[in-house]
Amino acid sequence: MRGSGRMPIIRAEKLSTSLKWALLYLFILALVSFTALPIVYMVSTAFKPLDELFLYPPRFFVHKPTLRNFFDLLTATDTSIVPFTRYIFNSVFVSVAIVVGTLVICCLGAYVLSKYRLPGANALFAVIISALMFTPQVTQIPTYMVISNLGMLDTYWSLVLPKLAVAYNIFLMKQFIDQIPDALLEAAHIDGASEWRIFWRVVMPVCRPAWATLIIFAFIANWNDYFTPLVFTTSESMKTLPLALQTLAGGPGTVARSGAVAAGTLLVTLPPILIFLAFQKMVINTMAYSGIKS
């Protein structure tokens with residue numbers, strides 16, 4: 001009898017718990033939907049014809065989607081000597097070069113600082129930590145003077161080289177590599193593995209969550225970078241997408257090019273979203289899930 005009396009209580013508790021989880025999921029779904037509204041509106045605007053762009057009150061969703069805006073975007077610079085595809089190439093090339101370069105340089109530097117215990121390594125790491133206190137705008141003038149004296153202004157080198165050895169990236173990788181047990185590296189040494197092989201076959205796979213995060217941060221920061229191309233480049237052929245899009249939005253015929261600007265905004269925003277979606281699973285993993293303990 002006691003058991004039969006407790007059954008309704010247990011069922012009521014389970015029902016209450018299920019209701020709480022359902023309400024929580026609904027709240028999270030509503031919050032995600034609300035935060036996604038700007039992205040949805042941006043995608044909708046990119047496909048709006050010109051007459052829908054200037055409707056009042058404005059429509060949130062497009063009624064007659066068209067690809068005309070993307071065609072106008074590619075032909076918006078027909079009057080100049082540089083096609084719009086050149087800006088796309090510049091952004092892709094510079095962003096990929098910076099991501100690959102900073103990944104290799106920062107991971108190697110962090111590995112040496114973490115595991116080799118060289119004389120002065122702590123002082124060097126303290127200098128790297130101190131560099132985190134300075135914003136990039138503070139160091140732009142000395143960086144510009146160095147690039148100018150090297151004769152690299154208005155080249156790809158001026159856009160790539162200053163972004164390779166980033167203090168935050170080295171700090172991020174070192175803090176993660178510090179968690180790798182020394183016994184794991186010693187076992188690899190005993191098996192006859194070279195230092196280069198240990199770095200690529202042991203350290204880098206273990207640090208996958210860290211360098212996946214580094215890839216996301218580096219790509220998004222440099223893909224959206226407007227200030228660096230503005231300072232270090234002067235020719236039209238060296239402009240990247242953010243700078244070219246700003247020029248397009250502020251140039252003559254802005255009203256007629258509103259659709260092209262909307263399409264360009266989507267084009268600039270889409271790659272960082274895709275990069276994040278591609279690496280998000282690796283980012284959320286931590287050393288706790290790697291199964292490696294000292």
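Visitor: Leaving aside neighbours within four places in sequence, which residues is Val-203 in contact with?
Guide: This is a predicted model, where local features need pLDDT of at least 70, side-chain atom pairs count only at pLDDT 80 or more, and totals for chains, interfaces and linings use all residues. Residues are numbered from 1 along each chain as its sequence is written, and side-chain values use heavy atoms, with hydrogens and water left out. Contact means heavy atoms within 4.5 Å. On that basis, the partners of Val-203 are Tyr-111, Ile-177, Ile-180, Leu-185 and Ile-198.

Visitor: Which members of the largest nonpolar core touch the most other members?
Guide: A nonpolar core is a set of buried Ala, Val, Leu, Ile, Met, Phe, Trp, Tyr and Cys residues joined through side-chain atoms within 4.5 Å. Buried means under 20% relative accessible area, exposed over 50%, partly exposed in between (1.4 Å probe, protein chains only). The largest core has 48 residues, and those touching the most other members are Met-173, Val-203, Cys-207 and Trp-211.

Visitor: How many residues are in the other core, which includes Ile-147?
Guide: This core lies apart from the largest one. Among its members are also Leu-159, Val-160 and Leu-164. Its residue count is nine.

Visitor: Why is the pair of Tyr-111 and Tyr-116 edge-to-face?
Guide: Rings of Phe, Tyr and Trp (its six-membered ring) pair if their centres lie within 6.5 Å; planes under 30 degrees apart count as stacked, over 60 as edge-to-face and the rest as tilted. The structure holds 16 aromatic pairs. In this one the centres are 5.7 Å apart, and the pair is edge-to-face because its planes stand at 85°.

Visitor: How far is the charged end of Lys-174 from the ring centre of Phe-125?
Guide: A charge sits over a ring if NZ of Lys or CZ of Arg is within 6 Å of the ring centre and within 35 degrees of the ring normal. Lys-174 sits over Phe-125 in this way, at a distance of 4.4 Å.

Visitor: How many disulfides does the structure hold?
Guide: A disulfide is a pair of cysteine sulfur atoms within 2.5 Å. For Cys-107, the nearest cysteine sulfur, in Cys-106, is 7.0 Å away. The sulfur of Cys-207 is 7.1 Å from that of Cys-107, too far for a bond. The disulfide count is zero.
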